[in-house]
Amino acid sequence: MVVTLWTNRAERLEAGSVLCADAGSLTVTAARAFQRRWIVQFAEVGDRSMAESLRGQVLRAEPISDPDELWVHELIGMMVCEADGTERGRVEAVQTNPASDLLVLDSEALVPLTFLVEQSGDRLIVDVPSGLFDET
């Protein structure tokens, strides 16, 4: 089956990994990169008709526990501060954007994730260019 991976964690497709679909669990037996997608073989998918029945389904996996990673869902509710301690608002959402995903703050500011330099407790420290928080 051809799978589009929406994570940078290719180990999700290592042999033995289990992914969940609405139709049930699928165990990866083999996978290889193909252009910008992956060709994946699942133990439970034995023929073309079974593969066709899974077309368009979203595959999910258990969260990866990695203390060095900050996951999008963990950003919601965090306070965004500049390096000098100035609080700029709490994260209400993360908006996808081709250049860099954006932190949507309750103050209506949008902060590109590329400016995130540190996470400390429930605070996200950002180093933004001058004028980013100026009212227009």
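**View 1. Strand 2 and strand 3 pair in the antiparallel sense.** In this predicted model, four bridges link strand 2 with strand 3, which covers residues 24–34. The two strands form a hairpin, and two residues lie between them. Within this pairing, Val18 stands opposite Thr27 of strand 3.

**View 2. Strand 2 has a covered face and an uncovered face.** This strand comprises residues 18–21. Leu19 and Ala21 belong to the covered face, whereas Val18 and Cys20 belong to the uncovered one. Cys20 has a relative accessible area of 29% and is partly exposed, because this value lies between the cut-offs of 20% and 50%.

**View 3. Strand 1 and strand 4 pair in the antiparallel sense.** Two bridges join strand 1 to strand 4, which consists of residues 37–42. Val3 has Trp38 in strand 4 as its bridge partner.

**View 4. Cys20 is partly exposed, whereas Cys81 is buried.** How many disulfides does the model contain? The count is zero, as a disulfide would require a pair of cysteine sulfur atoms within 2.5 Å. The relative accessibility of Cys81 is 2%; Cys81 therefore counts as buried, the cut-off being under 20%. For Cys20, the relative accessible area is 29%.

Terms used:
Residues are numbered from 1 along each chain as its sequence is written. This is a predicted model: local features need pLDDT of at least 70, side-chain atom pairs count only at pLDDT 80 or more; totals for chains, interfaces and linings use all residues. Side-chain values use heavy atoms; hydrogens and water are left out. Buried means under 20% relative accessible area, exposed over 50%, partly exposed in between (1.4 Å probe, protein chains only). Two strands pair if DSSP finds at least two bridges between them.
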